[in-house]
Amino acid sequence: IRRPPRSTLSSSSAASDVYKRQVLSFKESISNLPILFLFSGRSRSDIPLFKSDQLLILENLSFSDAKNLLMKIYPGKKTDSVFESFFLNLTKGNPGLIRAYSKFLVEKKIVKISGNRKIIELKKAIAVPDSITCDLRNEINKLDPENRELLLTASVFGESFSLKIISDISGIDVKKLKTILSRLEEKWFVHKILSRNKTRYFSELDYSFNYPYKHSVVYRLIPQEKRRCLHGLIAEKLWKRFKEGTEEIYEQILFHYRNSDKRDRLNDFLSFFSDFKYREGKLKESKDLLAELVKNLGLHGYKTKSGVESHIKLAGILCRIGDADGGLKVLEILEDKSEDIIETALLPDYLIAKGLLLEEKGFYEKGYGLLKNARNIIDNFSGLNPFLEADCVNGFGIINSWKGNYQESIKNFKEVIKLRKKLFKRPHPDLAKPYINLGIIGHRTGDYKDSIKYFHEALK
């Protein structure tokens, strides 16, 4: 009903009478409907048109946000400024289910009753009562075995899933798979989603579950052992397919490995992803992944070269984020449990990590001794990690600056910049630090022009 302007209503009794009749007619037509409305950007004068048990309101929600929410709930359907929610679809108009869901909304505090209004809490809005969950389970169990099996497999991938990868895992060719998915579309389990960017990972997500709660119910129907096996298969397929992927892809792969039965592969991926995060300059996230890896390895991590290397990397990252005490504690335990491996395979890594940590704590002479020993080993062997060499030279620069040997320190930091520019293809905290140190030296020596130049480079 489009209300005439206030001036028209006050000046024209005929226009006012027509509007009143429209409102009364509308009130009568909706008086017995068990409806749930999402309210957004509307005049509060509309509220009295509805009975209090018919109306739920989303407050503090912009028009566009409300529209996007409902487009997600009703994919592909047109929307208007007042949206009917998924309530009727959820309950299929069944009076018993409507009463059950209405009671559930209040009991679970999904809605807050304020006067004659009920206000939804968005974060809890997808929750559903047991009666509706049970009804959905029965609907799933009635599916043809082939359709049901595919639906279960797809749910492990996530709320959205790739047609091609599900085909690989299920062994069903793409053409037949599309036929099965079209049947599931007809039953309102899934719907197609359009690809946005053919060069990115999410162009592979071809289908999505209609509602998050449907995905959740389907996923929980899978026996845990089978679910873990499927997560592992999906992780393997994704990692094989997207070796040169994005952070978004790797987060998906990590999720599947964490929920799989492939513990060794999870640890391999944690090491890989931690290195990726480090190269991206996300040091704290890199540290968290390494800490998870070390925890997973347990005592076995002290008995293998890769495990000891992970501990040393963790100590190095802790140094970089300012937790020198934590890094020294990691190395102290490592010295006690893995001395033989350190001595034979990872001595330069260990010496540099500990030397930098001692520097961070102010023990410059001890740190210098360890770094010097590491540099001698590096100079005598080719093919060692270039990151180690850059770290070692950076440590010399810090010590020379502390001793007042500024010319030698400047030489060290310029060498670090040269080395790290080859290692990092984008801005990185480890590339900024030698510029900062050069800026500090310029300030100390009165070379303010160069100091400002170096600080600007660090900011870049």
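Helices (H or I, at least four residues) and strands (E, at least two) are DSSP runs, numbered from the N terminus. The model on your screen is predicted, so local features need pLDDT of at least 70 and side-chain atom pairs count only at pLDDT 80 or more, while totals for chains, interfaces and linings use all residues. Residues are numbered from 1 along each chain as its sequence is written, and side-chain values use heavy atoms, with hydrogens and water left out.

**Stop one: a loop residue**

Select W188, which sits in the loop between α9 (174-186) and β6 (190-192). Its phi is near 65 degrees, a positive value in a residue other than glycine. Most residues other than glycine have a negative phi. W188 is partly exposed, with a relative accessible area of 30%; buried means under 20% relative accessible area, exposed over 50%, and partly exposed in between, for a 1.4 Å probe and protein chains only.

**Stop two: I132**

Next, select I132 in helix α6 (residues 130-141), where I132 is buried at a relative accessible area of 2%.

**Stop three: two helix pairs**

Two packed helices are described by the angle between their axes and the distance between the axes. Here, axes are lines fitted to C-alpha atoms, for helices over the stretch in contact, and angles run from 0 to 180 degrees between N-to-C directions.

Select α7 (residues 145-157) and α8 (residues 163-170), whose axes come within 10 Å and cross at roughly 120 degrees. The two helices are therefore oblique to each other, given that angles under 35 degrees count as roughly parallel, over 145 as roughly antiparallel, 65 to 115 as roughly perpendicular and the rest as oblique. The contact (heavy atoms within 4.5 Å) is made by L150, T153, A154 and F157 of α7 and I165, I166 and I169 of α8.

Now move to α18 (residues 347-360) and α19 (residues 364-380), where the axes come within 8 Å and cross at roughly 155 degrees, so that α18 and α19 are roughly antiparallel to each other. Among the residues that meet here are L351, I352 and L358 in α18, and L370, L371 and I377 in α19.

**Stop four: helix α11**

Select residues 224-241, the 18 residues of helix α11, which should span 26 Å at 1.5 Å a residue and whose end C-alpha atoms are 26 Å apart, in agreement; the expected span is 1.5 Å times one less than the number of residues. Which residues of α11 are buried? They are R227, L230, H231, G232, I234, A235, L238 and W239, and what covers them includes α7, α8, α10 (212-220), α12 (247-258) and α13 (263-279).

Select T445 in helix α22, which counts as partly exposed at 44% relative accessibility.

Finish at helix α23 (residues 448-459), where the buried residues are S451, Y454 and A458. Seen down the axis of α23, these buried residues fall within an arc of 70 degrees, so they line one face of the helix; the arc is that of the directions from the helix axis to the C-beta atoms. The buried residues of α23 pack against α21 (406-423) and α22 (429-445), whereas K449 and L459, on the other side of α23, are exposed.
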